[in-house]
Amino acid sequence: MKVGFIGTGSMGSLLIDAFLSSGALNPCDVLASNRSLNKLLELEDRHPGINLCGSNSETATGSDIVFLCVKPLEFKTLTDEIGPYLRSDQIVVSITSPVQLQHLESALPSKIAKIIPSITHCVKSGTSLCIFGSRLNKEDRLVLLQLLSFIGVPLEIQEAHTRIASDFSSCGPAFLSYFIERWIEAAVEVTGIEETLISRLAGEMLLGTGKLLTEGEFTPQELQERVAVRGGITAEALNHLRISLEGVFERLIMTTHDKYDEDVTKLDALFGHDGIIQSPVDR
């Protein structure tokens, strides 16, 4: 099976690295094209034997599965470019959340899927969000799910939930990292503890907490109740957090959804679609 990647920027190269390091693919199975030759050469240095293509149409023609790893507003130009070279038996995968299945199914003859990856795939962890188009059959879905299972946990979701699910699986590592960064900075400033040590503690704490929520069958509330003894230090600090963070997460969700809806509207115009796909928070 040949798997192509059009766009080898941050997420495109991450997926290639993850698939190859996990053993899901061999270098000879991978085709890649990018506007920057230097990025392709860097990939070749890391993965000798990878197939570098001189054009996007070459990648599209030679692949059984084609991952489109470009920015949202570049999709219309890209689909116009590669559409004539694609076949109905190929699977085209968008990794960009605002690009809707209907956008791609109206522009391309291939089977369409949308997969939202995460930076956590670098360590073979996290969730790949899977949204499958109407042309995919059961076997096609299994092929994609098996491929993605090498680098994380694939999870099928409704397209209407793409944005909110991405907030957790894809944006979440950045949000949590910011929280941890600020917490570490405060700890160092207030107590003088070594930053390297407290950073290690924070990382191990996040890893263990994730396992408790996924493997230990704890809910977030149950975990808080087990740690925060009534009248204790943790309980008092938690109460401070509840007061300080009032409304923060609602505003966070509205911010990501507003940007998402803006991008969808622009894509609707580019692809000639009149309908605006609203996110659940707008309904």
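Colleague: Which residue does UniProt list on its own for "binding site" in the unreviewed entry?

Modeller: That is N56, and the listing comes from the unreviewed UniProt entry. The structure itself is a predicted model.

Colleague: Where is N56 found?

Modeller: N56 sits in helix 3, which covers residues 56-62.

Colleague: Buried or exposed?

Modeller: N56 is buried, because its relative accessible area is 17% and the cut-off for buried is under 20%.

Colleague: And what is N56 in contact with, leaving aside its neighbours within four places in sequence?

Modeller: With that exclusion, N56 has contacts to I6, S33, L78, E81 and I82.

Colleague: Take G7. Where does G7 lie?

Modeller: G7 is in the loop that runs between strand 1 (3-6) and helix 1 (10-22).

Colleague: Why does G7 count as buried?

Modeller: G7 counts as buried because its relative accessibility is 9%.

Colleague: What is G7 in contact with, leaving aside neighbours within four places in sequence?

Modeller: G7 then has G12, S33, N34, C69 and V70 as its contacts.

Colleague: Change of topic. How do helix 8 and helix 9 cross?

Modeller: Helix 8 covers residues 172-191 and helix 9 covers residues 195-214; their axes come within 10 Å and cross at roughly 145°. The crossing of helix 8 past helix 9 is right-handed.

Colleague: Which residues make the contact?

Modeller: On the helix 8 side, I180, W183, I184, A187 and V188 take part. Helix 9 supplies E195, I198, S199, A202, M205 and L206.

Colleague: What is the make-up by class?

Modeller: The contact of helix 8 with helix 9 has nine nonpolar residues, one polar and one charged.

Colleague: T196 lies in helix 9 as well. Buried or exposed?

Modeller: T196 counts as exposed, because its relative accessibility is 58% and exposed means over 50%.

Colleague: What separates T196 and V92?

Modeller: T196 and V92 are 104 residues apart along the chain, and 43 Å lies between their C-alpha atoms.

Colleague: Another pair: how are L155 and P72 placed?

Modeller: L155 and P72 are 83 residues apart in sequence, and 22 Å apart from C-alpha to C-alpha.

Colleague: What is the place of L155, and what is it in contact with?

Modeller: L155 is part of strand 8, residues 153-156. Leaving aside neighbours within four places in sequence, L155 has contacts to T127, S128, L129 and C130. At 45% relative accessibility, L155 is partly exposed.

Colleague: Now backbone angles. What is the phi of K124?

Modeller: K124 has a positive phi of about 55°, although K124 is not a glycine. Most residues other than glycine have a negative phi.

Colleague: Where is K124?

Modeller: K124 is in the loop between strand 6 (111-116) and strand 7 (127-132). K124 is partly exposed, with a relative accessible area of 35%.

Colleague: And what about the phi of E217?

Modeller: E217 is not a glycine either, and its phi is positive at about 60°. E217 is in the loop between helix 9 and helix 10 (220-227). With a relative accessible area of 71%, E217 is exposed.

Colleague: Last one, R163. Where is R163, and is that residue buried or exposed?

Modeller: R163 is in helix 7, residues 162-169. R163 is buried, with a relative accessible area of 10%.

Colleague: What does R163 touch, not counting residues up to four places away in sequence?

Modeller: R163 touches S97, C171, T256, H257 and Y260 on that count.

Notes
Residues numbered from 1 in each chain as written. Predicted model: local features only at pLDDT ≥ 70, side-chain atom pairs only at ≥ 80, totals over all residues. Heavy atoms only, no water. Helix = DSSP H or I, 4+ residues; strand = E, 2+ residues; numbered from the N terminus. Buried < 20%, exposed > 50% of the residue type's maximum accessible area, 1.4 Å probe, protein only. Contact = heavy atoms within 4.5 Å. UniProt positions renumbered as here; feature names shortened; annotations may be inferred. Axes fitted to C-alpha atoms, helices over the stretch in contact; angles between N-to-C directions. Left-handed = near helix turned anticlockwise from the far one by under 90°. Nonpolar A, V, L, I, M, F, W, Y, C, P; charged D, E, K, R; others polar.
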